[in-house]
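Have the viewer open as you read.

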Amino acid sequence: MLCELCNKSEAVVHLVDVSNNSRAEKHLCKDCAASQGATIKSHMQKSSSSTKDAGDVLPEIFQNLSATSGAAEAEACGQCGTTYRQFRSSGKFGCPECYVEFNVKVSDLLEKIHSRCEHTGKVPSTASDDLAQQKELQTQQKRLQGLYADLDKAVNDEDYERAAELRDEIQRMQEGAAEA
Amino acid sequence: MELSDLQTSPGEWLGGTGPEADIVISSRIRLARNLAGYPFLSTANEQQLGELERMVRERLLNTCRAEGMSYFSLPSLGPIDRQFLVERHLISRELASGKGARGVGLAVDETVSIMVNEEDHLRIQGLCSGLQLREAWERVDAVDTRLESCLEFAFSPQFGYLTICPTNAGTGLRASVMLHLPALVMTKQINKVFQAVAKISLIVRGLYGEGTQASGDFYQISNQSTLGKSETDVIELIENVIPKIIGFEKTVRTNLMQQKREVMEDKVWRAYGMLKHARMITSEETMDLLSAVRMGVSLGIIQEVKMDAINELFLFTQPAHLQKQKETQLDETERDVVRASYIRKRLQQSD
Ligand SMILES: [Zn+2]
Ligand SMILES: [Zn+2]
């Protein structure tokens, strides 16, 4: 869907105004939404949800967070258009991508809420394959670094036989990684 | 399954059969899940919400045949039916009063319910009677695992399951245990529980009443944080603290029975007498009186009623349950009359 205002960019901000018992919808791109000073008002937003679960602690945490710069506050999620300021005032993210887009700030915030910021629980079976792969890649990376260090040392020591062995091993590892 | 099929039974979790059932009413686990590739409910439009609901509903019915899953779309239910589901703890007040495409999947024995488009895309809940957090977790975990084979959940290795509120991110798990603590309330020692529990980052809240002042002496204890601890760690933390609270309540009851036996007996029998003879009774008063009788049954002061009958009365005397029994809408005064008559009948039966 294209933005209603500029008709150029993809609309990522979907405004639903439910005032006066009628619904008005607006679909805007990120830039137009920002220039309109739009606040996202979803019809599913619930005022009471702050009273349940641990939602109670959130406003306090936000109050205690040192105010970030205006630019950082206006930073919007590329996927859904939610700005960090909007998130701060509602306590709600716009989409899963917001966690990635606001990564550094999210880490700090999560640490304040939960006293930790690393997940240690259940992993979906679909994601665990990726995770295992990532770990494998990381260990390979480490081994490769080690091999390069050894190679440097061998060359410095003028141990060319050892250096040739190491070069072959590095080549084998890189070929293996490329195939995988 | 029709909603009216539920009406005649109290649901497994109110059976009063679980471990420590005289003090622990129920154990609940809920998981928050969202679908990857969809915006959260804060920014989703009506079309996306509808699409999402249809998809989840279809997958739910297909993958959870073992649970005998039924699905109810909230907009198609009347206000009494919605309230009925809230009273049974199968859906939240927020889902009942929300707008747009949303619904709930229910296992035939009511031990698992899945809310769709509540605060998160999915809220998977398991409810068991007594102190059985692990059993509730196993049921919820099984449903979650089956769902993830056909739905891709928003997940990050660093932050875990991604939720609309950062307060639920990570495991998305809220474990809670509902306790009946009348002796601690009577002796004004319930604050000690609040303080002790807050130290280990658990939350206490009243169950039926609005705000923090619970009516009926019921309190719910749950975990506050969802990130950095595994599901079983959180469950263990709560499982370790509950026996201490149970022990505290029991000690106070024993002391009261030794030092103020007449006061205790009088409180319990008066409450029982009121319930047995009242002609009009509000739901708040019912809750307070049932709470005293429940303690009396547990202490052996009253032997002519069984615990499960009292548990059922807590549920069946709530507004939507009364109206479904009568199959008609009742105003507040009418409900007070019907409630009193229903309680009289039930307590007469157990004589
Ligand atoms: Zn535009
Ligand atoms: Zn976003």
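## Ground rules

Buried means under 20% relative accessible area, exposed over 50%, and partly exposed in between, using a 1.4 Å probe on protein chains only. This is a predicted model, where local features need pLDDT of at least 70, side-chain atom pairs count only at pLDDT 80 or more, and totals for chains, interfaces and linings use all residues. Residues are numbered from 1 along each chain as its sequence is written, chains are lettered from A and ligands numbered from 1 in the order in which they are written, and side-chain values use heavy atoms, with hydrogens and water left out.

Start with A:Ser107, which counts as buried because its relative accessibility is 12%. A:Ser107 sits in helix α6 of chain A, residues 103–114 (helices are DSSP runs of H or I with at least four residues, strands are runs of E with at least two, and both are numbered from the N terminus). Setting aside residues up to four places away in sequence, A:Ser107 touches A:Cys117, B:Gln158 and B:Phe159, where contact means heavy atoms within 4.5 Å.

Over in chain B, B:Ser176 belongs to strand β8, residues 173–180. At 2% relative accessibility, B:Ser176 is buried too. Beyond its neighbours within four places in sequence, its contacts include B:Arg28, B:Leu133 and B:Ile221.

## The zinc site

What holds the zinc ion (ligand 2)? Its protein donors are the SG atoms of A:Cys77, A:Cys80, A:Cys95 and A:Cys98, lying 2.3 to 2.4 Å from the ion. Donors here are N, O and S atoms within 2.8 Å of the metal (3.2 Å for Na, K and Ca), and with water not among the atoms, sites may look incomplete.

The angles among the four donor atoms run from 100 to 122 degrees, so the site is tetrahedral (for four donors, all angles must lie between 85 and 135 degrees). Along the chain, the donors follow the spacing C-x2-C-x14-C-x2-C. A:Cys77 and A:Cys80 are both buried.

## Nonpolar cores

A nonpolar core is a set of buried Ala, Val, Leu, Ile, Met, Phe, Trp, Tyr and Cys residues joined through side-chain atoms within 4.5 Å. The largest one has 90 residues, and B:Ile29, B:Leu179, B:Ile221 and B:Ile242 have the most contacts inside it. Helix α8 of chain B (residues 231–259) gives the most to this core, with ten residues. Apart from this core lies another, of 21 residues, among them A:Tyr99, A:Leu109, B:Phe40 and B:Leu162.

Terms used:
Four donors count as tetrahedral if all angles lie between 85 and 135 degrees; four count as square planar and six as octahedral if opposite donors are over 155 degrees apart and all others between 65 and 115; anything else is irregular.
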